[in-house]
Amino acid sequence: QLQLVESGGGLAQVGGSLTLSCVASGGSLDDYAIGWYRRAPGKEREVVALISRTARRTDYADSVKGRFTISRDNSKSTVYLHMNNLKNDDTAVYSCGADLTRYAYDPDYIPPFESEIDYWGRGTQVTVFS
């Protein structure tokens, strides 16, 4: 069973940067598309960024386009979320989720729905202050 552990969260000033890591164990990360999601206080969980298992396809929420970059290093079983120009609204618990897409017809498939996620990490807190 795949296990995901996030790290890299913490405090950052508005305009600052953080890089989150999602490390997988118990399976081959390159069998999975990965998404970063976040839940802000009092709000529903929302998708932030997605990356296919091949890394050839990525997708971002409109609110983070141009500021966040998702990447992966399958040799290190790690997916990253590079966050720049942070805003107060980015404050949330960030979690990574894995969707088994090894058998998908399209190797660049990324899950459009959160319900497709098979495994979740516990999350890491990001707090942006002015």
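Is K65 buried, partly exposed or exposed? K65 counts as partly exposed, at 47% relative accessibility. Buried means under 20% relative accessible area, exposed over 50%, and partly exposed in between, using a 1.4 Å probe and protein chains only.

## Basis

This is a predicted model: local features need pLDDT of at least 70, side-chain atom pairs count only at pLDDT 80 or more, and totals for chains, interfaces and linings use all residues. Residues are numbered from 1 along each chain as its sequence is written, and side-chain values use heavy atoms, with hydrogens and water left out.

## Nonpolar core

The largest nonpolar core has 30 residues. Such a core is a set of buried Ala, Val, Leu, Ile, Met, Phe, Trp, Tyr and Cys residues joined through side-chain atoms within 4.5 Å. W36, L81, M83 and Y94 have the most contacts inside this core. Elements that give two or more residues to the core include strand 3 (18-25), strand 4 (32-39), strand 8 (78-83) and strand 9 (92-100). Strands are DSSP runs of E, at least two residues long, numbered from the N terminus.

What does Y94 touch? Leaving out residues up to four places away in sequence, its partners include W36, L81 and M83. Also among them are E6, R38, G123 and T124. Contact here means heavy atoms within 4.5 Å.

## Salt bridges

Side chains of opposite charge can pair when their charged atoms come close. The rule used here asks for a side-chain nitrogen of Lys or Arg within 4 Å of a carboxyl oxygen of Asp or Glu. By this rule the count is 7 salt bridges. One of them joins R102 to D31, with the closest N and O atoms 3.7 Å apart. The two residues are 71 apart and link distant parts of the chain. R102 sits in the loop between strand 9 and strand 10 (119-120), and D31 in the loop between strand 3 and strand 4. R102 is partly exposed at 45%, whereas D31 is buried at 14%.

K65 bridges to D62, with 3.2 Å between the closest N and O atoms. D62 is exposed, at 66% relative accessibility.

D90 and R67 meet at 2.8 Å, N to O. D90 lies in the loop between strand 8 and strand 9, and R67 in the loop between strand 6 (58-60) and strand 7, so the pair ties together parts 23 residues apart in sequence. D90 is buried, with a relative accessible area of 1%. R67 is buried too, at 8%. Both belong to a network of salt bridges that also links R38 and E46.

## Aromatic pairs

How many aromatic pairs does a search of the whole structure find? The search finds 2. Rings of Phe, Tyr and Trp (its six-membered ring) pair if their centres lie within 6.5 Å; planes under 30 degrees apart count as stacked, over 60 as edge-to-face and the rest as tilted. Y32 and Y119 are edge-to-face, at 6.1 Å centre to centre and 70° between the planes. Y32 is in strand 4 and Y119 in strand 10, so this pair ties together parts 87 residues apart in sequence. Y32 is buried at 9%, while Y119 is partly exposed at 22%.

Y37 and W120 have ring centres 4.9 Å apart and planes at 65°, so they too are edge-to-face. Y37 lies in strand 4 and W120 in strand 10, 83 residues apart in sequence. Y37 is buried at 2%, whereas W120 is partly exposed at 29%. R45 lies over the face of W120, 3.8 Å from the ring centre. That call requires NZ of Lys or CZ of Arg within 6 Å of the ring centre and within 35 degrees of the ring normal.

Notes
Helices (H or I, at least four residues) and strands (E, at least two) are DSSP runs, numbered from the N terminus.
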